[in-house]
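Here's a quick briefing to keep beside the viewer while you click around.

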Amino acid sequence: MGRVGVLLLNLGGPDELEDVRPFLYNLFSDPEIIRLPVSWLQKPLAWLISTARSRKSQENYKQIGGGSPLRRITEEQARALKQQLEAEGQDARVYVGMRYWHPFTEEAVVRIKRDQLEKLVILPLYPHFSISTSGSSFRILERIWQKDPALQKIPYTVIPSWYDEPAYLQAMANLIAQELDKFSQPEQVHIFFSAHGVPLSYVEEAGDPYQYEIEECTRLIMETLNRPNDHTLAYQSRVGPVEWLKPYTEEAIENLGKQGVKDLLVVPISFVSEHIETLQEIDIEYRELAEASGIENFHRVPALNTDATFIQALTNCVENALESPDRGFAEVTPLKKNLKMYPQERWEWGMTTTAEVWNGRLAMLGFVALMIELISGAGPLHFVGLL
Ligand SMILES: C=CC1=C(C)c2cc3[nH]c(cc4nc(cc5[nH]c(cc1n2)c(C)c5CCC(=O)O)C(CCC(=O)O)=C4C)c(C)c3C=C
Ligand SMILES: [Fe+2]
Ligand SMILES: [Fe+2]
């Protein structure tokens, strides 16, 4: 095989405090993050919500040093992956394409076109598929591809998710075991998996396989860990007033405290790098909550970052993709059909099928409620799922 390209997809994060507002604007402009009945509302609402949320969000970024470490870590992962692929005999180029901040997906594509690749592997840095994460990046790419005949000449394959890759499970199990053994009575520790949440309507109405993949992944990690500890799975980082996947991390921590759990080990799944939700939300907010709930020893498993076993897992994903039949953007959708993936039309750019999950009256009510919240200066806003 000649020169192979790997495009790593990630969310992106503000490098500095002044990036927070435009980063949030990009995020809320995404129809996969806020699903609206009409597309012309998207940009004004993104502006409103990013403006309303930016001060609170900046405060959080201040607590972790004034910006997200996501770009630095993702670029380190890219370098480590390139090295490992080269060690296994591949002539590899690795690109980073972020969805909401630099280096943007579009910037990566410019470099891909320059590099005369024989094959491109598209690998999201999200182990589990969600419409709101990998799905959103695939949609952007599909749109770029459709417009560019030069890109269409490059053979490519898409990896939709890889939560069951054995080396990834092993890397997670190793990190958990290491942290467990730091407690005085490791077998007494309650292992607490905290996944990033999504609105319930994504799973129930749009058929997002995210919840299934998170649950399955948790089961596989516990199987690989092979320890007798009790464990819980809960969902963090809810935004706005609608129902998200349950149980919520806050409530689950409080309940464990009430049940007399004293030793808690939090395992962030759904993301492979340190970021605001591990460094601020878990390490600061949830720690305080746990202590107030009577939990005496609260520890967190570090994110995988450039862990050697994890980099091997990414390398395996690429090698397996090169050996398997190619999957295009369009094929990724039917692939998930057995998991009730959302309909093919939803994949196309535009708002065509949002109507399927849209109750017009509720959406307008939601819009009015949002306006009232905004005018009265209420906190973080989000109304995905009101649709
Ligand atoms: C698998 C991981 C993630 C899912 C699923 C996800 C869905 C999702 N997120 C929001 C809203 C926000 N996300 C924000 C930051 C953020 N989100 C993820 C991951 C997932 N999001 C990460 C890793 C980050 C942090 C990046 C960084 O800076 O380190 C933010 C901004 C931060 C804040 O103000 O809290 C928002 C807002 C929604 C609505 C959603 C599903 C629909
Ligand atoms: Fe998010
Ligand atoms: Fe979030």
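What follows is an overview, then notes by topic.

Keep in mind that this is a predicted model. The protein has 14 helices and 8 strands, and 43% of its 387 residues count as buried. Among contacts with a separation of 6 or more, 80% are between residues 24 or more positions apart.

**The four-stranded sheet**

- An open sheet of 4 strands runs in the order β2-β1-β3-β4, with parallel pairing.
- The edges belong to β2 (92-98) and β4 (156-158); each has a single partner strand, so one side of each has no neighbour in the sheet.
- On average, neighbouring strands of this sheet are turned by 20° against each other, direction ignored.

- How many of the residues of β1 are buried? The count is 7 of the 7, so β1 is largely enclosed by the rest of the structure.
- As background, side chains in a regular strand alternate between the two faces of the sheet.
- In β1, Val 4, Val 6, Leu 8 and Asn 10 point one way while Gly 5, Leu 7 and Leu 9 point the other way, and all are buried.
- On one pairing, β1 is joined to β2 by 7 bridges, with the strands running parallel; Leu 9 stands opposite Gly 97 in β2.
- β1 (residues 4-10) is also joined to β3 (residues 119-124), in parallel, by 6 bridges.

- Helix α12 (residues 308-323) lies across β1, β3 and β4, and runs at about 135° to β3.

**A closer look at α4**

- Which residues of α4 are buried? They are Thr 105, Ala 108 and Ile 112.
- Looking down the axis of α4, these buried residues fall within an arc of 60°, so they line one face of the helix.
- Gln 116 follows α4 and has a positive phi, near 50°.

**Strand β5 and its partners**

- In β5 (residues 190-196), 6 of the 7 residues are buried, so this strand is largely enclosed by the rest of the structure.
- β5 pairs in the parallel sense with β6 (residues 231-236) over 6 bridges, and there Phe 193 has Leu 233 of β6 as its bridge partner.
- β5 also runs parallel to β7 (residues 263-268), joined by 5 bridges; here Ser 194 is partnered by Pro 268 in β7.

**Around ligand 1**

- How many residues surround ligand 1? There are 23, and the closest are Gly 13, Ser 57, Ser 68, His 196 and His 275.
- If you're setting up an atom selection, note that α2 (42-63), α5 and α11 (276-292) each supply at least two residues of the shell around ligand 1.
- What is the make-up of that shell in nonpolar, polar and charged residues? The residues around ligand 1 divide into 11 nonpolar, 10 polar and 2 charged.

**One exposed residue: Glu 251**

- Glu 251 is found in helix α10 (residues 249-258).
- Is Glu 251 buried or exposed? Glu 251 is exposed, because 12 other C-beta atoms lie within 10 Å, and 12 or fewer is the cut-off for that label.
- Glu 251 and Leu 289 are 38 residues apart in sequence, and their C-alpha atoms are 9.7 Å apart in space.

Key
Residues are numbered from 1 along each chain as its sequence is written. Chains are lettered from A and ligands numbered from 1 in the order in which they are written. This is a predicted model: local features need pLDDT of at least 70, side-chain atom pairs count only at pLDDT 80 or more; totals for chains, interfaces and linings use all residues. Two strands pair if DSSP finds at least two bridges between them. Axes are lines fitted to C-alpha atoms, for helices over the stretch in contact, and angles run from 0 to 180 degrees between N-to-C directions. Two residues are in contact if their C-beta atoms, placed from the backbone, lie within 7 Å. A residue is buried if 20 or more other C-beta atoms lie within 10 Å of its own, exposed if 12 or fewer, and partly exposed in between; C-beta atoms are placed from the backbone. The arc is that of the directions from the helix axis to the C-beta atoms. A residue is near a molecule or strand if its C-beta atom, placed from the backbone, lies within 6 Å of it. Ala, Val, Leu, Ile, Met, Phe, Trp, Tyr, Cys and Pro count as nonpolar, Asp, Glu, Lys and Arg as charged, and the others, Gly among them, as polar.
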